[in-house]
Amino acid sequence: MAQNFEDVQKLGKDGLDNAVKAMTALTKGYQAIAAEIVDYTKKSFEDGSASIEKIAAVKSLDKAIEVQSDYAKTAYEAAVARATKIGELYTDLFKEVFKPYEAVMAKFTPAK
């Protein structure tokens, strides 16, 4: 009887430890993602402002269109790169969150 109680107690402690590890990983991951989004937003705003200043300084419509086209291309490439990076951060986040549970799940997964 005492052994069963100790097993249940250890199972509860292990579960709590895994939950704490998972929540810590989740918090760190979301902080990294939020920092990346803030950095992208700031950079995007700065680039947009610089583009507006360039457009205001040009003397011809052709040059204004060229500046705007360059900005659009650069902004698109930056958005795709950041979306890719944020996607990778989410992938890493979920790997880290579920890592504490891998050992537990291995016990219940049938051998091949």
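Modeller: A nonpolar core is a set of buried Ala, Val, Leu, Ile, Met, Phe, Trp, Tyr and Cys residues joined through side-chain atoms within 4.5 Å. Buried means under 20% relative accessible area, exposed over 50%, partly exposed in between (1.4 Å probe, protein chains only). This is a predicted model: local features need pLDDT of at least 70, side-chain atom pairs need 80 or more, and totals for chains, interfaces and linings use all residues. Residues count from 1 along each chain as its sequence is written, and side-chain values use heavy atoms, without hydrogens or water.

Biologist: Which residues make up the largest nonpolar core?

Modeller: Six do: Ala22, Ala25, Ile33, Ile86, Leu93 and Val97. Helices α1 and α2 each supply at least two residues of this core. A helix here is a DSSP run of H or I, at least four residues, numbered from the N terminus. In soluble globular proteins, nonpolar side chains tend to be buried together.

Biologist: What is Ala22 in contact with, leaving aside neighbours within four places in sequence?

Modeller: Ala22 is in contact with Val97, Pro100 and Tyr101. Contact means heavy atoms within 4.5 Å.

Biologist: Why is Asn18 called buried?

Modeller: Asn18 has a relative accessible area of 10%, so it is buried. Asn18 sits in helix α1. Beyond neighbours within four places in sequence, Asn18 is in contact with Pro100, Tyr101 and Val104.

Biologist: On to the rings. How many aromatic pairs does the structure hold?

Modeller: The structure holds 2. In one, the rings of Tyr30 and Tyr90 have centres 6.3 Å apart and planes at 75°.

Biologist: What makes the pair of Tyr30 and Tyr90 edge-to-face?

Modeller: Rings of Phe, Tyr and Trp (its six-membered ring) pair if their centres lie within 6.5 Å; planes under 30 degrees apart count as stacked, over 60 as edge-to-face and the rest as tilted. At 6.3 Å the rings of Tyr30 and Tyr90 pair, and at 75° they are edge-to-face.

Biologist: Why does the pair tie together parts that are 60 residues apart in sequence?

Modeller: Tyr30 lies in helix α1 (residues 2-57) and Tyr90 in helix α2 (residues 61-108), so the pair links parts 60 residues apart. Tyr30 is partly exposed, with a relative accessible area of 40%. Tyr90 is partly exposed too, at 32%.

Biologist: How do you know that the pair of Tyr90 and Phe94 is stacked?

Modeller: Their ring centres are 6.4 Å apart, with 20° between the planes. The pair is stacked. Tyr90 and Phe94 both lie in helix α2, 4 residues apart, about one turn of the helix. Phe94 counts as partly exposed at 40% relative accessibility. Tyr30, Tyr90 and Phe94 form one aromatic cluster.

Biologist: Now the second largest pocket. What makes it a pocket?

Modeller: On a 1 Å grid over the protein atoms alone, a pocket is an open set of points where a 1.4 Å probe fits, with protein on both sides within 12 Å along at least five of seven lines; lining residues have an atom within 4 Å of a point. Asp47, Ala50, Ser51, Lys54, Val67, Asp70, Tyr71 and Thr74 line the second largest pocket. The elements giving two or more residues to this lining are α1 and α2.

Biologist: How do the lining residues divide?

Modeller: The lining of the second largest pocket has 3 nonpolar, 2 polar and 3 charged residues. Ala, Val, Leu, Ile, Met, Phe, Trp, Tyr, Cys and Pro count as nonpolar, Asp, Glu, Lys and Arg as charged, and the others, Gly among them, as polar.

Biologist: Ser51 and Tyr71 are both in the lining. Why is Ser51 called buried?

Modeller: Its relative accessible area is 7%, so Ser51 is buried. Tyr71, at 27%, counts as partly exposed. Ser51 is in helix α1, and Tyr71 is in helix α2. Leaving aside neighbours within four places in sequence, Ser51 is in contact with Val67 and Tyr71. On that basis Tyr71 is in contact with Ser44, Asp47, Gly48 and Ser51.
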